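Subject: Structure handover and notes

Hello,

Please find the structure below. My notes on it follow.

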Amino acid sequence: MTVESTAARKTTRRSSGTKRTASASASTKKATAAQSAEPELVQLLTPEGERVQHPEYDIDLSSEELRGLYRDMVLSRRFDAEATALQRQGELGLWASLLGQEAAQIGSGRALRDDDYVFPTYREHAVAWCRGVDPTNLLGMFRGVNNGGWDPNTNNFHLYTIVLGSQTLHATGYAMGITKDGADSAVIAYFGDGASSQGDVNESFVFSAVYNAPVVFFCQNNQWAISEPIEKQTRVPLYQRAAGFGFPGVRVDGNDVLACLAVTRSALERARRGEGPTLIEAYTYRMAAHTTSDDPTRYRRDAEREEWEAKDPIARLKAYMEREGHADAAFFEELETESEALGKHVREVVRAMPVPEHMAIFDNVYADGHALVDEERAQFAAYQASFEGGEAE
Amino acid sequence: MAVQKLPLAKALNESLRKALETDPKVLVMGLDVGKLGGVFRITDGLQKDFGEDRVIDTPLAESGIVGTAIGLALRGYRPVVEIQFDGFVFPAYDQIVSQLAKMRARSLGTVKMPIVIRIPYGGGIGAVEHHSESPESLFAHVAGLKVVTPANSSDAYWMLQQAIQSDDPVIFFEPKRRYWDKGDLDTEAIPGELHKARVAREGTDLTLLAYGPMVKTCLEAAAVAAEEGKSIEVVDLRSISPLDFDTVQASVEKTRRLVVVHEAPVFFGSGAEIAARITERCFYHLEAPVLRVGGYHAPYPPARLEEEYLPGLDRVLDAVDRSLAF
């Protein structure tokens, strides 16, 4: 296909899209309502880096705290970029990039207390960062050396869950356990706009409402479920669904780290007070592909990405900090050096990750043992030993 | 008095009561398990005595029941989940297979999943669609799960105790048509191992291998065969995963003939696995191919046809005759 014809095709597609919206039936208008962000969006920092007030959610952060949030976002982005590069170099089998979602993840992640518990999906690399999880631990499953690979109780950060929405029920059950224990910690469950269609997410809303469980549902609406746009998931803004389940929903600018922090902090406090769940819809955008395996140019317009680049979460905080003098040039330079060091460290650790020992296939399948696993382990060991120089057990 | 004569259903109730008394982390969860005491009354009286925090009536959502049980287990609880009927487990199948079964391995052994999922299963009670299925092979096929099924009151009591104490997820199939059969229960006895098969009747000519609801059917068939001068051994498998092939092999080496009987469809059923392994282990001992008796490759039929679908005395005895004719 020539350059001209590609351009022509794109133009056609774009104009037909416009036409479809223009001649929309009532139901299509409802569908587009799911996309319109502005009216109900909680925002404390505009895309230009202007600080704005919100009557319900406000926050007063010191320069040091602002620098901390900025550093978290920059390092998370650097880690993510390194992992993407490592995938391209064949060191990782797959990577799910968080590019563009740093504010949603850092803002919500920094609202948590140590004794809170996080149930992530598979893209919450920046939340893991906030929890103190060694970022290289996240790469094991993408390199293919394990299927999870960390102890969730070390940092109260559960394993990544690949089947969409399953973890929202685990989060709800865990939160029910907190109530039973008489503790005052809270749980946060991460999922995306695609997962919001899953039965499990809706069942977790039912259970958490019925049992008044201290859980915050944090939906990162990044507009795309692989190639399916938000209109294929919902006809109402996602946060409005909470009302039908009997708890509050709020839509926050997911590219505004201050707003994400303020809104999540408020929802967690509500959970701790015994007032039950909250649904937060962080309205954001996935700048990269769903994973390194797909090609966004097949399903979305370049212009859309450009629109969102103007709302970049890191750039807007930087603009604000520079304008208000919360950081000097030395801070940004040092952070640059730290970023490069992180990238280098990640690269070295990933390349050094050993292929697990063969017998690991049979490890940890059962706590109390299982006759068939024992039998097959012995057979496999004998088979391995049958090769000269093979691994005998 | 330690030994009592109790229906299987009541033995399960006693077992749950004992577990709730013994360990404050044990929870009973499911639809209607509270005031109603479960549709089969297995949880009768438990909520009254242990409260709504321990015996939890849940929303009507099977995936939600199992998924929240996983979260409770992560928090240190030991949920015993009731799925109301066999055919209703499938909305929870994803949580069981994709999450529950794999959690331990994914965490490199750092978390445990001490969850029991109780499922009344099998036919013979004249129920409507989705209330009479035998999906045990679907669970036994999945690594990370254990699958057991008692056939009498004593096993119902003790196997459930052992399943609750296990740090592994256990799918606990209850033979619903045997709920009302009375049997001896000694609550002070030392129970056998959870995953060990039991020789329910000694014999020398042929082994009938069964579990759950079909154990009684096979014992009745052996009694009829005895009148015809045939000595039939009946082995009650008790545990489907892991499966005690050693006990089965020992029996087959003695009798040289094996017929496996279950209610589930024969095709790709547990009998296929048993036939293959026993053929491998006992090839030179066998006088006849391992035969299987079970359901057909058809949806479970309407109640008026279920006696044709389910293995009964005649079909079991027919297989015995075919094996002995080799």
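The crossing of α9(B) and α10(B) is right-handed. Please keep in mind throughout that this is a predicted model.

Helix packing in chain B

Helix α9 of chain B covers residues 245-255, and helix α10 of chain B covers residues 270-282. Their axes come within 10 Å and cross at roughly 60°. An angle under 35 degrees would count as roughly parallel and one of 65 to 115 as roughly perpendicular, and α9(B) and α10(B) are therefore oblique to each other.

On the α9(B) side, the residues in contact are Phe245(B), Asp246(B), Val248(B), Gln249(B), Val252(B) and Glu253(B). They meet Glu273(B), Ile274(B), Arg277(B), Ile278(B), Arg281(B) and Cys282(B) of α10(B). Sorted by class, this contact has six nonpolar, one polar and five charged residues.

Most residues other than glycine have a negative phi, and most peptide bonds are trans.

- Ser241(B) and Pro242(B) are joined by a cis peptide bond, with omega about -5°. Pro242(B) sits in the loop between β12 (239-241) and α9 of chain B.
- Arg256(B) is not a glycine, yet its phi is positive, near 70°. Its place is the loop that runs between α9 and β13 (258-265) of chain B. The relative accessible area of Arg256(B) is 32%, so this residue is partly exposed.
- Arg41(B), also not a glycine, has a positive phi of about 65°. It belongs to the loop between β2 (26-30) and α2 (46-50) of chain B. With a relative accessible area of 42%, Arg41(B) is partly exposed.

Chain A overall

Chain A has 393 residues, of which 52% are buried. It contains 15 helices and seven strands. Of the contacts in chain A between residues at least 6 apart in sequence, 74% join residues at least 24 apart.

An unreviewed UniProt entry annotates residues 71-342 of chain A as "domain: Dehydrogenase E1 component". Over residues 71-342 the chain is 46% helix and 11% strand. The C-alpha atoms at the ends of that stretch are 12 Å apart.

For another distance in chain A, take Ala352(A) and Gly274(A), which are 78 residues apart along the chain. Their C-alpha atoms are separated by 46 Å. Ala352(A) is in helix α14 (residues 329-352) of chain A. It has a relative accessible area of 58% and is therefore exposed.

Helix packing in chain A

How far apart are the axes of helix α3 and helix α4 of chain A, and at what angle do these helices pack? The axes of α3 (residues 63-88) and α4 (residues 102-109) are 10 Å apart, and the angle is about 130°. That makes α3(A) oblique to α4(A). The crossing of α3(A) and α4(A) is right-handed.

In this pair, Leu69(A), Asp72(A), Met73(A), Ser76(A) and Arg77(A) of α3(A) meet Glu102(A), Ala103(A) and Ile106(A) of α4(A). By class, the contact has four nonpolar, one polar and three charged residues.

Regards

Note on methods:
Residues numbered from 1 in each chain as written. Chains lettered and ligands numbered in written order. Predicted model: local features only at pLDDT ≥ 70, side-chain atom pairs only at ≥ 80, totals over all residues. Heavy atoms only, no water. Axes fitted to C-alpha atoms, helices over the stretch in contact; angles between N-to-C directions. Helix = DSSP H or I, 4+ residues; strand = E, 2+ residues; numbered from the N terminus. Parallel < 35°, antiparallel > 145°, perpendicular 65-115°, else oblique. Left-handed = near helix turned anticlockwise from the far one by under 90°. Contact = heavy atoms within 4.5 Å. Nonpolar A, V, L, I, M, F, W, Y, C, P; charged D, E, K, R; others polar. UniProt positions renumbered as here; feature names shortened; annotations may be inferred. Buried < 20%, exposed > 50% of the residue type's maximum accessible area, 1.4 Å probe, protein only.
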